[in-house]
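Here is a briefing on one protein model. Keep the structure open beside the text and check each point as you go.

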Amino acid sequence: MALYAIGDLHLSFGTDKPMDVFGGGWVDYTDKLSAGFSTLNADDMCVLCGDTSWGMSLEESLEDFRFIDNLPGRKIILKGNHDYWWSTAAKMESFFSINNITSIEILHNNCYYYEGVAICGTRGWLGDSEFTAEQNAKIYARETNRLRVSLQSAKDADKIICFFHYPIRFKNIVCHDMIDVMNKFNVKNCYYGHLHGDGHRLAVRGLIDGINYEIISADFINFTPMRVS
Ligand SMILES: [Fe+2]
Ligand SMILES: [Fe+2]
């Protein structure tokens with residue numbers, strides 16, 4: 001039994017946005033994902049760190065969910081900036097149930113336990129020039145609180161791992177409030193996606209002030225889930 005993570009599948013089985021057009025590693029990416037997941041077992045778990053489907057609604061994303069559901073193992077899914085299909089947890093869970101999607105669960109203001117490890121996290125936020133400073137601060141505070149709520153729900157865990165869509169450290173941005181929350185709950189490892197192509201060069205990796213950072217964007221890890229525990 002093992003815990004894995006991968007982000008940014010960017011599936012488009014129900015829409016017309018295949019990532020193959022970007023060339024490079026993205027060519028035949030869904031075949032690579034199938035191959036990458038093929039070594040996982042039914043009792044393994046994989047955290048999907050956002051930007052999962054290009055669908056604009058749950059219905060448009062259904063074929064992507066079916067693709068994921070057919071991959072081995074349980075999947076814990078969190079929100080990325082391109083997951084426009086994202087809805088309330090109740091609506092998403094109901095949609096999965098109605099469509100017999102049985103291996104996908106939602107990480108949002110909660111946590112999951114797997115073999116003594118608590119799986120916590122949230123989307124995160126780096127700020128966006130389309131928003132005012134006040135709006136960015138509000139979104140950042142909301143995401144920080146979601147992280148706190150997720151971690152508070154993991155109080156029985158021996159070990160906690162945090163998963164985000166956005167990096168916690170990027171260029172001159174450091175999400176100090178989120179780092180403070182992780183430190184408060186003794187989190188030592190976090191994983192994130194979002195960065196693609198040239199962005200990989202800017203990814204912060206390794207140990208900084210007691211927390212280990214690692215990027216798990218699908219195109220960075222050759223569409224093969226990374227074992228994290
Ligand atoms: Fe993203
Ligand atoms: Fe992405």
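Leaving aside neighbours within four places in sequence, Gly-36 is in contact with Phe-223, Thr-224 and Pro-225. Contact means that the C-beta atoms, placed from the backbone, lie within 7 Å. This is a predicted model: local features need pLDDT of at least 70, side-chain atom pairs count only at pLDDT 80 or more, and totals for chains, interfaces and linings use all residues. Residues are numbered from 1 along each chain as its sequence is written, while chains are lettered from A and ligands numbered from 1 in the order in which they are written.

**Around Gly-36**

- Gly-36 sits in helix H1, residues 29-37. Helices (H or I, at least four residues) and strands (E, at least two) are DSSP runs, numbered from the N terminus.
- Gly-36 counts as buried because it has 21 C-beta neighbours inside 10 Å. The cut-offs are 20 or more other C-beta atoms within 10 Å for buried, 12 or fewer for exposed, and in between for partly exposed; C-beta atoms are placed from the backbone.
- Leu-71 is 35 residues from Gly-36 in sequence, and their C-alpha atoms are 9.7 Å apart in space.

**The six-strand sheet**

- Six strands form an open sheet in the order S5-S6-S7-S10-S12-S11, with mixed pairing. Two strands pair if DSSP finds at least two bridges between them.
- Strands S5 (112-114) and S11 (206-208) are the edges, each pairing on one side only.
- From one strand to the next, the twist averages 30 degrees. Axes are lines fitted to C-alpha atoms, for helices over the stretch in contact, and angles run from 0 to 180 degrees between N-to-C directions.
- S11 and strand S12 (residues 211-215) run antiparallel, joined by three bridges. Leu-207 stands opposite Asn-212 in S12.
- S6 and S7 run parallel, joined by six bridges.
- S7 and strand S10 (residues 189-192) also run parallel, with three bridges.

- Phe-163 has bridge partners on two strands: Gly-121 pairs with Phe-163 in S7, and Phe-163 pairs with Tyr-191 in S10.
- Beyond four places in sequence, Phe-163 touches Ala-5, Val-47, Cys-49, Leu-78, Ile-119, Gly-121 and Tyr-191.
- The largest nonpolar core has 52 residues; Ala-5, Cys-49, Ile-119, Cys-162 and Phe-163 touch the most other members. Strand S7 (residues 159-164) supplies the largest share, five residues. Such a core is a set of buried Ala, Val, Leu, Ile, Met, Phe, Trp, Tyr and Cys residues joined through C-beta atoms within 7 Å.
- S7 is mostly covered, with five of its six residues buried.

- S6, H4 and S7 make a right-handed β-α-β unit. Right-handed means that, with the strands pointing away from the viewer, the path from the first strand over the helix to the second runs clockwise.
- H4 and helix H5 (residues 176-184) pack at about 10 degrees, with axes 9 Å apart. They are therefore roughly parallel to each other, a label for angles under 35 degrees.
- Thr-144, Leu-147, Arg-148 and Leu-151 in H4 meet Asp-177, Met-178 and Val-181 in H5.

**The five-strand sheet**

- Five strands form an open sheet in the order S4-S3-S2-S1-S13, with mixed pairing. Its edge strands are S4 (104-106) and S13 (226-227).
- Strand S3 (residues 74-77) pairs with S4 in the parallel sense over three bridges. Ile-76 stands opposite Glu-105 in S4.

Terms used:
Two residues are in contact if their C-beta atoms, placed from the backbone, lie within 7 Å. Angles under 35 degrees count as roughly parallel, over 145 as roughly antiparallel, 65 to 115 as roughly perpendicular and the rest as oblique.
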